[in-house]
Each structure stands twice: as C-alpha cells, then as structure tokens.
Amino acid sequence: MKKILILNGPNLNLQGTRDVKVYGSTTFDDCIASLRERYEGRAEFDYFQSNIEGELIDAVHASVGRYDGIVFNAGGYTHTSVALRDAVSAVETPVVEVHISSILAREEFRHTSMLAPVAKGSIMGFGLDSYRLGVEALLD
C-alpha cells in the first residue's frame, strides 16, 4: 500500500467557503474522506495545510522515507516560491502539482508555475477531482 501526503498551501484551509464559484463548496475534510474511501487498501493518506511557506518546505523535506508521493497544491506560492521549487527538486519523493482551477485560465500572473519544471507532472482545472487525478498519477 502506498502512503501519500496531500499537501496544501495558503488559503486552501478556506476551501468550501472561499470564492465558491471558482473553487466549489466541498471542503477538504470531505475531499480527503472521499480519497480514503476510494483508495482503501491501495493508498493511505496524510493531509497537511499551511499558510506558512517554511512549514510547507519542512513538510516536503520530511516526506523522504515516509511517503511514496506528494499531491501538492502550493496555492499562491506556486507562482512565487523559488524556495518551494528548490525543496521539491531536492527530495526524491515524487510530487504531482495540482490546482483546483486552471491557472492558465486565470490572471496572467498565475500562468507561471515555479513547481511545474521540478514536479513529476501538473494537473489543473478539474476542481477537487484534480487531487484524485494526482493520486492516480502516483499510483500508476
């Protein structure tokens, strides 16, 4: 059984209440419960969210030897954080970058991902189902 970390960056603690037209009304508690049910016996999930860049970096570093992969939505840090990019590139743990909305269909400053070049792959625009697709990428 694979062990996967679902890692979320800033403002994703507001999922389900923040800009529901863009992000939907389902909470992460519901999303994680759905993943656990769907992949019971195939994958085990831990979940961590932080609005603090350094805590996300620490979580990426701590993944080594603990997780078979990370499904990572860095939120707004996606477009700005060289430090998170360096953390992802420094570890052997495979990282799949995910986004609820399509960053390419949003404001121009969101079109560039610092993580995409060092991630195993990127999935965006499928709502919370992006997380399921990220898990599928890690399981395959």
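Biologist: Which residue is the bridge partner of phenylalanine 72 in strand 4?

Modeller: Glutamate 97 is the partner. Strands here are DSSP runs of E, at least two residues, and helices are runs of H or I, at least four, numbered from the N terminus. This is a predicted model: local features need pLDDT of at least 70, side-chain atom pairs count only at pLDDT 80 or more, and totals for chains, interfaces and linings use all residues. Residues are numbered from 1 along each chain as its sequence is written, and side-chain values use heavy atoms, with hydrogens and water left out.

Biologist: How many bridges join strand 3 to strand 4?

Modeller: Two strands pair if DSSP finds at least two bridges between them. Strand 3 and strand 4 run parallel and have three.

Biologist: What is the strand order in the open sheet?

Modeller: The five strands run 2-1-3-4-5, with parallel pairing. Strand 2 and strand 5 are the edges; each has a single partner strand, so one side of each lacks a neighbour in the sheet. The twist averages 20° from one strand to the next.

Biologist: Which strands does helix 2 touch?

Modeller: Contact means heavy atoms within 4.5 Å. Helix 2 packs on the sheet, touching strand 1 and strand 2. Its direction makes about 165° with that of strand 2. Axes are lines fitted to C-alpha atoms, for helices over the stretch in contact; angles run from 0 to 180 degrees between N-to-C directions.

Biologist: Is isoleucine 32 buried or exposed?

Modeller: Buried means under 20% relative accessible area, exposed over 50%, partly exposed in between (1.4 Å probe, protein chains only). Isoleucine 32, in helix 2, counts as buried at 5%.
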